[in-house]
Amino acid sequence: MILIWILVLLGLSFLYIIFNYVRIRKMKEGTSEMVELSGIIRSGASTFLVTEYKHIIPVLLIVAALITLFIEKTGGLTFLTGGAMSSFACVLGMKSATWANVRTSNTARETGSIGETVRVALCGGSISGLAVQTFGMFGFIMILILFDGISPDAVSSGLIASLPCNPTITRIVTYSLGCSIVAMFNRVAGGNYTKAADISSDILGKIRHDLPEDDSRIPNTIADFIGDNVNDIAGNCSDLLESFVATMAASIMTAVTIYKTAEASGLARITESTLTATIRYPLVLAACGLIGSLAGLGYANVKKMGDDPSRELDLSTWIAAGITIILGGIAAFVLFRGNGLYDAFRLGWASPWISSICGIASGVAIGIITEYYTSTDYRPTRELAEICREGEAFVVTRGDAIGSRSCMAPVLVIGIALLISGYLSGTYGVAVAALGMLSFVGATVSIDAFGPIADNAGGIAESCHLDPDVRAITDRLDAIGNTTAAIGKGFAIGSAAFATVSLIVSYVGNFTVPGQTPVLNFAAIPVVAGGIIGGALVEYFSAILTDHTIDSAKIMADVGDRMMSAPGVLEGTVRPNYNEMIELAAQEAIRKMVSPSVIALLVPLAGGLLFGVQFVGGLLVGATIVAIPRAIFMGNSGGAFDNAKKYIEGGFLEGAGKGSAAHKASVTGDTIGDTRKDVVGVALDIFIKLMSTVANTLAPVFMHISLLG
């Protein structure tokens, strides 16, 4: 009955998404030049996704066939369901953004009001955010309904291999795996596309030709506009949906592992009714988060906003979080009170609820820390802008120091939250804390997504030669969007840490003999070797992504230079060949997306088949320990570089405006930061979760097939 009520709630969310989509489509697009440019952006983004999925779909089908044949006969179907849900969310989010960007520009042009303009951008962003939570939950709930829930004692195998596994667990793991693979491809390809276009555009405009940002004479600019949608919207939707689904899956897998261990050992007190409650609570908590998201976004939709809408946007997030906490507490009371509680619940029915609050609080704290190190309102970024006067070497060195310094506080927050949630509710508490952080992901992604829409709107205003007042409005929204995006990255990094820890615990439980305590022996040589290799693998993965992006940017800059040398282009009488540049960006991104994604799939597989389950456990731990601070460093140093440049371009650094030596030094920093924050940092989160999900999927195989383990 609970699942049916959740489906009804999802239906209401679908209706809200449709309402906003229709509302966006009915708004005016503006001048004929704006209509033409937005059409090019929309067409280019759609063409990129179509081309990308021509490569993704065969991979999904091959992996689904292997799962069905060798792991679990229905796992291939649930794997494809995960891929489909992730794809639906990212396509819908991207389409809504490409409709909303020009309408945001036109609203600023017609009304001159920041409040009215932000409402349009947020309307487009809310489609993305709610699609993430709604599609992610819908696929999960339908699998539970169609396959009759979770059974701890069920046994099945693949059509060919006869390796026993729990089919109910395998279905949710493969569903999460489908989401993860699509997210990895979208993030890697989208990141390469947008940052190669962005970097090459900056090189041409600000370094080689001294042109304004987003000048339509630069052919790479239009590809950059498209990139904002295929990465910051479509890629972000896939990324956060994957995180959200992974935390739900980890919570349920952990609940089953706890029950099976307690049942076999007889050392812990846990009943079947408690098992049912621990399985239901993550689903109900996610539903509570969706209610909170709808309420928070509804508030932002009706609230009249003034010249500083950041307060209303922050308040909508707090409303979503507050409602989630209140309803989550009620749900914990109803599900767990008087229910033969698991011994590890130190505060009774309230333990899982408080664990979820730990996740929410740590997500907010990481967001605040991220804002401090990346926003122009605070000292670190302002000092970085000030030192731009001294040249590129000082900029890079100070930016690196900011990134390194910013790692300690978020990692400390994550560590403390893990300890508290684990103390209160055991390993189940860690999984629930991860879900708590993402339980209102519909609101956080919506407010995150409005930033790229506003950024695109500003680019359209510049390229279509609208009044400077229009660009002033969109720039203001873009600055707010940079902060919300940084906070969103903080949530993504924090949730990745919690989710990966939960998945590692579940993985250890999957290969542990019933009756024995799940243990990963860190004194064992295979675990140590796996940990060292896992840490190095993160660095290697980061290097591949960076090399690919810079190589693509160099090619695009050279081609763009050739186009701009054609007669009439720099004079503004002839338009460059935008379509050629768009196709080049797509070709480069898709050609270079396969190898990084395959690493996350093949390394756990090869490691497990060769060296066994303990080696893979060490691999996951080593990769996670290195990836979390590395992702924070990449995101925060990149954000500081970006905003230091914007601080100078805004005229806030006396005697150092656009075109000055300090400005050019900041552009160098921004070029370095682009790859860090929007390619490597965001992909590392998916990398460790994808490897952990692959390991969980293949644990039954590793238990029976290991050449050297």
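**View 1. The charged end of Arg25 sits over the ring of Trp99, 3.7 Å from the ring centre.** Arg42 also lies over the face of Trp99, at 3.8 Å from the ring centre. A charge counts as over a ring if NZ of Lys or CZ of Arg is within 6 Å of the ring centre and within 35 degrees of the ring normal. This is a predicted model, in which local features need pLDDT of at least 70 and side-chain atom pairs count only at pLDDT 80 or more, while totals for chains, interfaces and linings use all residues. Residues are numbered from 1 along each chain as its sequence is written, and side-chain values use heavy atoms, with hydrogens and water left out.

**View 2. Phe140 and Tyr175 form one of the 15 aromatic pairs found in a search of the whole structure.** The pair is edge-to-face, at 5.9 Å centre to centre and 85° between the planes. Phe140 lies in helix H4 (residues 114–146) and Tyr175 in helix H5 (residues 167–208), so the pair ties together parts that are 35 residues apart in sequence. Phe140 is buried, with a relative accessible area of 1%, and Tyr175 is buried at 0%. Rings of Phe, Tyr and Trp (its six-membered ring) pair if their centres lie within 6.5 Å; planes under 30 degrees apart count as stacked, over 60 as edge-to-face and the rest as tilted. Buried means under 20% relative accessible area, exposed over 50%, and partly exposed in between (1.4 Å probe, protein chains only). Helices (H or I, at least four residues) and strands (E, at least two) are DSSP runs, numbered from the N terminus.

**View 3. The rings of Phe345 and Tyr428 have their centres 6.0 Å apart and their planes at 35°, so the pair is tilted.** Phe345 is in the loop between helix H8 (310–336) and helix H9 (350–374), and Tyr428 is in helix H11 (residues 392–438). The pair links distant parts of the chain, 83 residues apart. Both Phe345 and Tyr428 are buried.

**View 4. Phe14, Phe88, Phe135 and Phe138 are linked into a cluster by ring pairs.**

View 5. At 8% relative accessibility, Ile473 counts as buried.

**View 6. Met1, Ile4, Trp5, Val8, Leu12, Leu15, Ile18 and Val22 form a nonpolar patch on the surface.** Together these residues have about 850 Å² of accessible area, computed by the Shrake-Rupley method with a 1.4 Å probe, with only the protein chains shown counting as cover for residues. Leu15 lies in helix H1 (residues 2–26) and is exposed, with a relative accessible area of 54%. Like charges are joined within 9 Å, and nonpolar side chains (Val, Leu, Ile, Met, Phe, Trp, Tyr) within 5 Å.

**View 7. Asp148 has a positive phi of about 60° although it is not a glycine.** Asp148 lies in the loop between H4 and H5 and is exposed, with a relative accessible area of 71%.

**View 8. His465, another residue other than glycine, has a positive phi near 60°.** His465 lies in the loop between helix H12 (441–463) and H13. With a relative accessible area of 58%, His465 is exposed.

Key:
Patch = residues over 30% accessible without salt bridge, like charges linked within 9 Å, V, L, I, M, F, W, Y side chains within 5 Å. Salt bridge = Lys/Arg side-chain N within 4 Å of Asp/Glu carboxyl O.
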